[in-house]
Amino acid sequence: MPCLLGIDSGLTVTKAVLFDIDGTPLSVARRRVTQSFPHARHVERDMDEFWNATADAIAEAISKSGRSVSDILAVAATAHGDGIYLLDHDRHPLGAGILSLDSRAVDIAERWVKSPIAEQSIAITGQLPHASAPSAILAWVKENEPERYARIGHVLAAKDWLRFCLTGEVGTDRTEASTSFTDVNTQEFSKEALALFRLEELWTALPPMSRSDEIVGRVSRACSERTGLVAGTPVVAGLHDVTASALGVGGLATGTVAVVAGTYSINETLFSEPRVHESWFCRNGIAPGEWNNMSISPASTANYDWFLDKLCAAERGEAERVGRSIHDILRPEIDAALARPSTAMFHPYLFGSPYGALASGAFFGLRGWQDRGDMLRAVWEGIAFNHRIHVDHLKGGFAISRARLTGGVSRSPAFAQMFANVLGMPVTVTDTDEAAAWGAALCAGKGVGVFSDVYSDPRDLDAIATSYSPDASRHAQYEKRYALFCEMAAALGPLWPKIEETMI
């Protein structure tokens with residue numbers, strides 16, 4: 001029975017998922033990948049450890065699937081976008097991979113944003129540079145590690161490193177290529193973009209660019225021996241995980257905003273022509289003539305995970321012990337908090353924000369008679385409000401009337417309804433396990449002719465979708481709280497740098 005392998009590697013976990021060609025997940029295997037923090041603002045991972053963890057997950061997924069490994073028709077990977085994974089001229093890892101949570105280049109990015117480079121960057125590349133953009137990180141390496149910079153042979157993204165380990169071939173896809181160095185109009189690599197950031201000497205280090213659904217190599221003998229995959233199995237180029245998640249839930253479309261509530265607040269919509277603004281990234285879609293417009297910040301459910309780790313450790317341990325979801329265990333507590341009035345609010349800026357890297361997380365309006373449930377509700381609302389900021393940006397440039405929501409906590413009906421009430425538009429949650437891996441698998445299937453195009457999802461999306469309509473009264477209440485949420489952020493803007501300066 002034919003099947004497809006999708007690899008999805010996030011910031012802490014790498015996964016291998018085998019899917020039947022009808023979209024049914026057959027097996028999932030996960031491995032944690034260690035993050036290292038050698039200095040303040042540095043977030044890295046060992047590239048070989050990353051591949052070995054992924055290879056172990058692939059081998060386990062094959063073993064658990066009940067299918068012959070020869071049934072796997074094709075492989076595709078997706079992984080966290082931005083950051084960089086460098087190879088030297090001999091195609092060996094050149095130091096640790098730098099993750100998208102890394103902010104060592106924040107001073108460079110902020111310097112650019114305050115200079116004419118900002119406007120030029122939007123005009124050329126369709127986006128403002130930011131701390132985790134390849135442009136800013138490479139500029140930091142050039143300034144601070146000139147010997148390493150001089151040895152750069154290939155500039156890759158996370159999933160491109162996995163593709164190299166699978167096939168031995170260096171390359172990238174259209175979605176990943178557009179994170180810093182493509183012309184927003186031609187959608188091809190631009191020497192002008194490199195020159196803007198004074199990185200001209202890296203022109204030959206940029207990898208060949210392919211469509212996400214294009215076969216770009218085959219499983220090598222070394223990879224076969226390491227993972228159990230059949231040598232010669234086709235491997236397609238793969239794609240940026242933001243795009244993969246939206247594709248996997250049927251949300252990559254015009255008129256729809258795909259909302260990915262994960263480590264990052266991801267909000268994206270597809271359009272048929274380039275439309276640029278400082279509030280969103282205008283990046284390549286999967287096919288030529290498609291532009292994926294993304295408004296993002298590192299401020300979503302990573303804040304919820306932090307809350308669970310720090311304030312719900314006993315419940316999390318119980319959930320793991322009995323095999324239940326932590327969300328189910330906490331459901332009575334959050335339901336009770338949602339049913340009563342609350343003044344508690346939360347800025348979900350523990351790991352980043354739309355207001356720059358110096359913004360920080362904070363609770364407001366807490367009272368002595370309130371409890372953990374009120375704080376948990378405030379965290380949820382803060383996450384939804386931060387997504388609202390980005391959705392409003394996109395609505396300023398595109399006609400958006402509906403949302404598709406994905407991310408682990410999106411399976412909570414209360415959370416999904418809150419999003420509908422905050423956004424003021426219908427929100428649909430598709431019952432999709434491993435959305436990003438399925439998005440990669442759709443590309444793999446297209447590459448070998450199983451699907452006519454990547455949008456030909458074989459599942460009945462209407463049958464597996466649940467839609468939530470906004471409650472007019474609740475939406476009106478959230479309008480007031482959302483306005484205050486933004487007003488407080490604006491008032492705190494001058495104070496956030498002072499908090500950093502007083503650190504002792």
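I started with Ser65, which lies in helix α1, the helix spanning residues 47–65. The model I am reading is a predicted one, and I keep that in mind for every value noted below. I looked up the accessibility of Ser65 and found a relative accessible area of 12%, so this residue is buried, the cut-off for that word being under 20%. Its side chain reaches the backbone oxygen of Ile62 at 2.9 Å. Leaving aside residues up to four places away in sequence, I listed what Ser65 touches, and the list reads Leu18, Leu26 and Ser27.

Next I turned to the annotation. The UniProt record, an unreviewed entry, places the feature "domain: Carbohydrate kinase FGGY N-terminal" at residues 4–248. Over that range I noted 36% helix and 23% strand for the chain, with the end C-alpha atoms 14 Å apart.

I then went to a pair of helices. Two packed helices are described by the angle between their axes and the distance between the axes. For α13 (residues 326–338) and α14 (residues 372–395), I noted that the axes come within 8 Å and cross at roughly 80 degrees. That angle makes α13 roughly perpendicular to α14, because angles of 65 to 115 degrees are counted that way. From α13 the contact takes in Leu330, Glu333, Ile334, Ala337 and Leu338, and these meet Arg372, Gly373, Asp374, Leu376, Arg377 and Trp380 of α14.

Gln187, although not a glycine, has a positive phi of about 65 degrees, and I located Gln187 in the loop between α7 (174–177) and α8 (191–196). Arg198, likewise not a glycine, has a positive phi of about 60 degrees, and its place is in the loop between α8 and β10 (209–210).

Which of these residues is buried and which is exposed? I found Gln187 to be buried, with a relative accessible area of 3%, whereas Arg198 stands at 63% relative accessibility and so counts as exposed, the cut-off for exposed being over 50%.

Notes. Residues numbered from 1 in each chain as written. Predicted model: local features only at pLDDT ≥ 70, side-chain atom pairs only at ≥ 80, totals over all residues. Heavy atoms only, no water. UniProt positions renumbered as here; feature names shortened; annotations may be inferred. Helix = DSSP H or I, 4+ residues; strand = E, 2+ residues; numbered from the N terminus. Axes fitted to C-alpha atoms, helices over the stretch in contact; angles between N-to-C directions. Parallel < 35°, antiparallel > 145°, perpendicular 65-115°, else oblique. Contact = heavy atoms within 4.5 Å. Buried < 20%, exposed > 50% of the residue type's maximum accessible area, 1.4 Å probe, protein only. Polar contact = N/O pair within 3.5 Å; in protein donor to acceptor, adjacent residues only side chain to side chain.
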